[in-house]
Amino acid sequence: MPLDNLSDRVTSLNEAYKHHSARAVLERALTDSQTGKLTLVSSFGAESVALLHMVSVLDRNLPVLFLDTEMLFAETLTYQMEVAERLHLGDVRVLHPDRDALLARDNEGLLHLSDPDGCCALRKTEPLMRALGEFDGWITGRKQYQGGQRKALPFFEADGDLLKVNPLAHWTRDDVQDYMVENRLPRHPLVAQGYPSIGCAPCTTKVAPGEDPRAGRWRNREKTECGIHFVDGKMVRIPAGAGL
Ligand code: SF4
């Protein structure tokens, strides 16, 4: 069945599933004829394992895109492999920056110091946009409690030509923690070391007790955003912590 106009689909999906739980929204998203071909984009960060587990229960062969910016903590790379194995994820695709573009624009790996937006574009946005080309939409772990533009985050939204699905939109931080405890899910090892939000190593610092969990991302820089969000095919900024 051909997919309806994206904006109409978003409206109809939000209406149909507005009273559903996170798991039910994800389950319907994976089966509703109006969602098309979906992928989960995951950072395998501090809270990612909850949604990864939910996906593994419903469809462990759903494509999972993991952006290896080549600036990640070694612990994240190890954790990614451990979680994929533990949850029996059957189709994890590791995305890398384009080799030629990397050589041309960040040969020394220092672009994050002078132009973090350019670095995120090179290492995150561009590889992700390429990989998303074969899909009709993507699933994210974004939640309303993360604040900023996400305070009114819906379950379904349009992102350029793609459908974006946010099954955990209504979850609180406690919901995430409870889910991880109840399902005995492995934690990212850096959480216990003071990193409640984990991105690239050069752009992530520890967070002191009482600080905003995202305070360690791009600390002392004006940048607070990852930049992986598209409107009309163009990148626009979103706050950090979007699961990427
Ligand atoms: S988070 Fe930092 S190192 Fe990672 S891609 Fe963005 S600017 Fe570069």
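A residue counts as near a molecule or strand if one of its heavy atoms lies within 4 Å of it. In this predicted model, local features need pLDDT of at least 70 and side-chain atom pairs count only at pLDDT 80 or more, while totals for chains, interfaces and linings use all residues. Residues are numbered from 1 along each chain as its sequence is written, and side-chain values use heavy atoms, with hydrogens and water left out.

On to the ligand: 10 residues surround it, the closest being Pro116, Cys119, Cys120, Cys200 and Cys203. Helix H7 (residues 116-132) gives the most to this shell, five residues; helices (H or I, at least four residues) and strands (E, at least two) are DSSP runs, numbered from the N terminus. By type, the shell splits into seven nonpolar, one polar and two charged residues (Ala, Val, Leu, Ile, Met, Phe, Trp, Tyr, Cys and Pro are nonpolar, Asp, Glu, Lys and Arg charged, and the others, Gly among them, polar).

Then there is strand S2 (residues 64-67), with Val64 and Phe66 on one side, Leu65 and Leu67 on the other, and all of them buried (under 20% relative accessible area, 1.4 Å probe, protein chains only). In a regular strand the side chains alternate between the two faces of the sheet.

S2 runs parallel to strand S1 (residues 38-41), joined by two bridges (strands pair if DSSP finds at least two bridges between them); here leucine 40 has valine 64 as its bridge partner. With strand S3 (residues 92-95), S2 pairs in the parallel sense over four bridges, and leucine 67 stands opposite leucine 95.

Key:
Buried means under 20% relative accessible area, exposed over 50%, partly exposed in between (1.4 Å probe, protein chains only).
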